[in-house]
Protein chains: 4
Amino acid sequence: MVEKKKQNTAVLLMHCPDKPGIIAVITEFINANGGNILYLDQYVDRINGVFYMRVEWDLDNFGIPSEKINDYFQTLYAQRYELTYKLSFTSKPQRMAIFVSKMSHCLYDILARYIAGEWDVEIPLIISNHPDLKIVADQFGIPFEVVPLNSSNKIEMEQVEFDLLARYDIDFIVLARYMQVLSEDFINRYHDRIINIHHSFLPAFVGAKPYHAAYQRGVKLIGATSHYVTTDLDAGPIIEQDIVRITHKDTIDDLVKKGRDLEKIVLSRAVEKHIQRKILTYNNKTVVFS
Amino acid sequence: MVEKKKQNTAVLLMHCPDKPGIIAVITEFINANGGNILYLDQYVDRINGVFYMRVEWDLDNFGIPSEKINDYFQTLYAQRYELTYKLSFTSKPQRMAIFVSKMSHCLYDILARYIAGEWDVEIPLIISNHPDLKIVADQFGIPFEVVPLNSSNKIEMEQVEFDLLARYDIDFIVLARYMQVLSEDFINRYHDRIINIHHSFLPAFVGAKPYHAAYQRGVKLIGATSHYVTTDLDAGPIIEQDIVRITHKDTIDDLVKKGRDLEKIVLSRAVEKHIQRKILTYNNKTVVFS
Amino acid sequence: MVEKKKQNTAVLLMHCPDKPGIIAVITEFINANGGNILYLDQYVDRINGVFYMRVEWDLDNFGIPSEKINDYFQTLYAQRYELTYKLSFTSKPQRMAIFVSKMSHCLYDILARYIAGEWDVEIPLIISNHPDLKIVADQFGIPFEVVPLNSSNKIEMEQVEFDLLARYDIDFIVLARYMQVLSEDFINRYHDRIINIHHSFLPAFVGAKPYHAAYQRGVKLIGATSHYVTTDLDAGPIIEQDIVRITHKDTIDDLVKKGRDLEKIVLSRAVEKHIQRKILTYNNKTVVFS
Amino acid sequence: MVEKKKQNTAVLLMHCPDKPGIIAVITEFINANGGNILYLDQYVDRINGVFYMRVEWDLDNFGIPSEKINDYFQTLYAQRYELTYKLSFTSKPQRMAIFVSKMSHCLYDILARYIAGEWDVEIPLIISNHPDLKIVADQFGIPFEVVPLNSSNKIEMEQVEFDLLARYDIDFIVLARYMQVLSEDFINRYHDRIINIHHSFLPAFVGAKPYHAAYQRGVKLIGATSHYVTTDLDAGPIIEQDIVRITHKDTIDDLVKKGRDLEKIVLSRAVEKHIQRKILTYNNKTVVFS
């Protein structure tokens with residue numbers, strides 16, 4: 001794996017009711033304590049009166065120790081500005097688990113980026129309900145756990161998964177064409193931390209066999225959608241979508257083939273944004289910073 | 001208007017059960033009678049075993065008089081090959097009526113192409129349920145008829161429309177953001193001859209206010225779909241679709257604005273294919289020749 | 001024309017060497033004087049150390065009279081932060097002239113938006129080197145001046161154009177497929193205020209007949225590029241580009257036809273951004289705010 | 001690797017001067033000898049008067065032995081119709097070599113498809129001028145040969161490559177971000193059988209460092225182009241191109257990152273078309289059948 005320079009920055013993702021001066025207050029707090037701002041992007045939803053911001057700053061000369069920054073924020077700003085925020089530190093890469101079933105294209109796309117050092121993440125665990133893709137995990141030397149979950153044993157098998165996720169200290173989960181619906185309990189434990197790829201331009205063709213449905217309907221575009229998983233099937237906050245043009249000549253097999261390229265790219269774009277801590281959710285929608 | 005060279009070709013659009021030798025038989029018929037083939041495109045749906053073809057040939061030296069070609073086809077091929085076909089002649093441009101309500105962007109896009117001579121069509125009539133766009137019709141010197149149709153007077157007002165369509169000898173109708181649902185009777189009279197533009201990537205966001213629904217759902221792409229009108233709302237054969245990327249920054253007004261450009265281009269592409277007689281419908285889907 | 005609510009806002013477009021606290025200083029100046037910020041977008045080019053910002057605020061309760069805001073900026077910030085900035089007021093719409101030759105598609109696209117009230121702009125003048133499109137100007141009731149400029153009389157004919165531009169109090173110029181190269185003097189007078197549409201994805205196919213060149217080269221995509229005109233042919237700051245897919249089946253005529261739709265949309269997007277004062281130029285590139 | 005059903009078809013790729021009846025003659029030849037046509041697509045370049053066709057038929061009940069089909073074609077049609085054609089048989093998969101340098105994204109994308117059985121091809125050999133990617137070849141169990149070619153030893157090192165290509169019985173070569181220019185001799189030996197990926201939308205940004213050039217020029221789109229290699233640098237017949245939108249916020253590193261996804265998809269699309277024998281070249285352009 002490519003060696004990457006160790007990062008040492010803090011990332012603040014926040015939203016709050018829009019009031020004058022919020023940017024000034026936050027940026028002055030950082031500047032005054034010796035933090036060098038490396039990234040600032042903000043967005044105001046003027047219709048709903050909500051202010052969103054992502055700011056990232058260098059901690060090398062920052063006057064407040066990392067473990068105390070959250071206290072300061074809490075005390076100084078959280079109540080006063082009604083902040084909802086998440087503070088994280090890039091010195092510790094997030095740990096990601098991949099759930100797969102039998103299809104390898106998304107898995108390969110993720111692992112190829114990982115091994116090339118494109119992403120600041122650790123992938124210590126792959127879970128599958130089938131043994132088929134163990135060969136891929138082995139190629140990359142990543143532990144592969146088969147949890148033969150199905151509709152009749154979901155509760156106990158998910159408990160097995162929870163144990164694995166805890167043991168491997170997993171921060172977030174990527175469903176890379178994992179063909180099982182998660183339980184409500186599972187979803188609630190990993191709120192905004194499970195990324196799925198659905199093989200249609202949602203909200204068209206929710207549920208099973210979207211390429212068959214697309215073929216049947218005679219659409220001229222097919223799509224793919226990555227989203228956070230919520231308890232409503234295929235209805236969580238959309239992170240990224242893209243489409244490819246098809247024609248009457250394309251069979252269902254052609255749609256499946258063209259769709260694979262869409263799925264892997266759209267999923268990887270979403271995963272990258274999550275790794276970069278550039279996504280905020282609000283009202284079942286996402287703010288994705290550039 | 002730009003003067004265009006008078007065309008004199010025959011266009012055969014056909015489909016039939018796929019059997020060996022159909023192309024050979026049809027092209028030899030044309031060649032043997034002195035017809036110079038200017039265009040031939042064919043497509044075999046091997047899953048359903050259907051053969052589709054569009055062939056166009058020069059009539060200048062064709063040995064069979066135009067008015068007898070249909071008889072020959074009927075006698076020689078129609079039964080033998082179970083052909084479903086449509087034979088048309090480009091020497092007589094089709095006559096198109098435009099239905100509008102209050103929005104002008106699609107209407108302008110169509111009329112600008114028409115006046116520039118881009119399309120081999122005649123547009124003798126614009127019908128609206130509101131007087132607002134008479135000013136646009138007047139700019140281009142095209143008769144504009146207000147038929148104040150609403151849900152309570154639809155049957156009698158559609159009769160007024162039928163009379164207008166008959167009087168102006170209309171071949172097909174374009175609904176250029178016409179905000180009324182046509183009756184079943186109307187739709188059946190103009191089967192595969194009414195082109196609508198819907199402001200979403202169907203089948204997502206069927207029905208009213210798709211941009212509001214798209215905003216609500218938080219999609220990252222919005223689309224537009226042109227289709228032939230059938231008695232199922234927004235469910236007819238799709239001719240053309242396209243999308244444009246949006247972000248969390250886009251308000252509903254932004255979607256409406258970005259959508260307008262999509263709508264007009266997607267509708268005009270579909271109208272052009274119809275004018276060129278390049279669309280076949282089958283099983284509620286379209287074959288669109290290039 | 002659709003009646004639009006009169007706007008009364010100030011727009012500040014600025015760039016300067018990146019230093020901590022600039023956003024805070026500017027937004028506090030606005031907030032402290034009772035200005036309600038309606039839009040703020042900023043971007044830091046961290047490689048070159050340049051800070052870019054666009055901020056727009058409501059003047060209705062702003063404590064400083066409009067005519068004095070510039071003085072305040074100049075005194076308080078311009079030197080201290082080495083600002084390069086432009087302050088403008090939306091209460092007075094900009095005045096735009098369109099230059100055309102013989103092709104109508106871009107002209108119609110612009111005028112249809114104008115007449116529908118999509119843009120906060122005035123279009124009091126169309127200039128052409130040919131009389132062909134007078135009919136379009138007449139449709140929309142806009143003065144049309146023929147200035148029969150060619151390579152041998154460019155200097156004196158441009159003088160005629162300068163007089164027209166002055167008489168009609170023109171702020172900026174749109175070359176809507178105007179097939180003449182402007183003199184250096186002309187370009188310098190309207191620095192960053194002349195928008196051109198070139199019918200290729202620049203820098204490919206600079207100069208004349210790009211569709212012929214694209215056909216010859218066998219590309220699979222054709223494009224269009226809108227840019228500010230500089231004294232280097234087709235080399236000014238790019239505002240917007242887009243492409244459309246083509247195949248081996250497309251003739252040069254097909255490219256021209258498909259290209260027309262690209263050209264008009266790409267040009268109109270650029271013109272809209274300019275009207276909205278959302279474009280900054282720097283180092284022969286543009287920052288285009290969303 | 002996924003097991004695929006053995007194919008047994010013949011593929012004819014041909015072009016010739018356009019004359020009436022060619023389709024009929026060829027299809028009758030196939031039908032009359034018991035061949036079931038599985039695919040037929042044709043295209044007439046009416047400007048240059050050239051007819052192009054790809055036809056594929058089932059050999060299972062074909063009356064002429066495979067090894068004699070070429071003789072028949074030669075005798076019956078080649079001279080009479082001035083055919084330029086290539087006849088191939090799908091029962092024997094083509095053998096492909098991949099040339100790489102240090103970047104892995106295209107290589108992984110190809111090998112992931114290969115191992116999943118997406119392509120009817122064999123990949124027995126990877127050649128590189130650096131040892132870096134041996135680890136990837138080892139993951140997939142494919143022989144990896146380092147040929148430390150540089151500008152001063154090109155002739156002798158290419159001889160080593162020729163020997164390897166011969167020993168492994170290679171049919172065609174994919175340059176998957178191979179950062180060396182091939183000699184004229186090399187290119188001529190593998191005419192229309194070397195596929196390269198160039199990281200720009202050619203003909204823009206020919207040569208080295210196209211992302212730097214794109215950044216410098218301030219384009220709003222970046223692209224990738226796959227093409228057959230000819231002796232003119234980056235000027236061979238284009239097979240496939242695509243683009244992705246960028247903004248002023250994107251640094252050169254961002255372009256490189258966004259470009260990687262383009263490069264791998266565009267290259268793989270081209271390789272797939274080549275494997276499927278769906279590409280004809282003519283006049284330094286490609287006809288790519290769908």
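How many salt bridges does the structure hold over all chains? I found 80 of them. Side chains of opposite charge can pair when their charged atoms come close.

Before going on, I note that this is a predicted model, where local features need pLDDT of at least 70 and side-chain atom pairs count only at pLDDT 80 or more, while totals for chains, interfaces and linings use all residues. Residues are numbered from 1 along each chain as its sequence is written, chains are lettered from A and ligands numbered from 1 in the order in which they are written, and side-chain values use heavy atoms, with hydrogens and water left out.

**Entry 1: a pair between chains**

I looked up Asp242(B) and Arg245(A), whose side chains meet in a salt bridge with 3.5 Å from N to O. Asp242(B) sits in strand S11 (residues 238-245) of chain B and Arg245(A) in strand S11 (residues 238-245) of chain A, so this pair joins two chains. Helices (H or I, at least four residues) and strands (E, at least two) are DSSP runs, numbered from the N terminus.

Is Asp242(B) buried or exposed? Asp242(B) is buried, at a relative accessible area of 18%, and Arg245(A) is partly exposed at 35%. Buried means under 20% relative accessible area, exposed over 50%, and partly exposed in between (1.4 Å probe, protein chains only).

**Entry 2: pairs inside one chain**

Next I turned to Glu82(B), which forms a salt bridge with Lys19(B); their closest N and O atoms are 3.8 Å apart. Glu82(B) lies in the loop between helix H2 (66-78) and strand S4 (84-89) of chain B, and Lys19(B) in the loop between strand S1 (9-17) and helix H1 (22-32) of chain B, so the pair ties together parts that are 63 residues apart in sequence. Lys19(B) is partly exposed, with a relative accessible area of 33%.

Strand S11 (residues 238-245) of chain D holds Glu240(D) and helix H8 (residues 252-275) of chain D holds Arg269(D), so parts that are 29 residues apart in sequence are tied together. Glu240(D) counts as buried at 11% relative accessibility, whereas Arg269(D) is partly exposed at 27%.

I also noted one network, in which salt bridges that share partners join Asp109(A), Arg113(A), Glu118(A), Arg260(D), Asp261(D) and Lys264(D).

**Entry 3: chain A beside chain C**

How many salt bridges are there between chain A and chain C? The count is zero. I did find five residue pairs in polar contact across this interface, both residues at pLDDT 80 or more. A polar contact is a pair of N or O atoms within 3.5 Å; within protein, one must be able to donate a hydrogen and the other to accept it, and residues adjacent in sequence count only if both atoms are side-chain atoms.

On the side of chain A that touches chain C, the elements giving two or more residues are helix H1 (22-32) and strand S2 (36-45) of chain A. S2(A) gives the largest share, six residues.

Conventions:
Salt bridge = Lys/Arg side-chain N within 4 Å of Asp/Glu carboxyl O.
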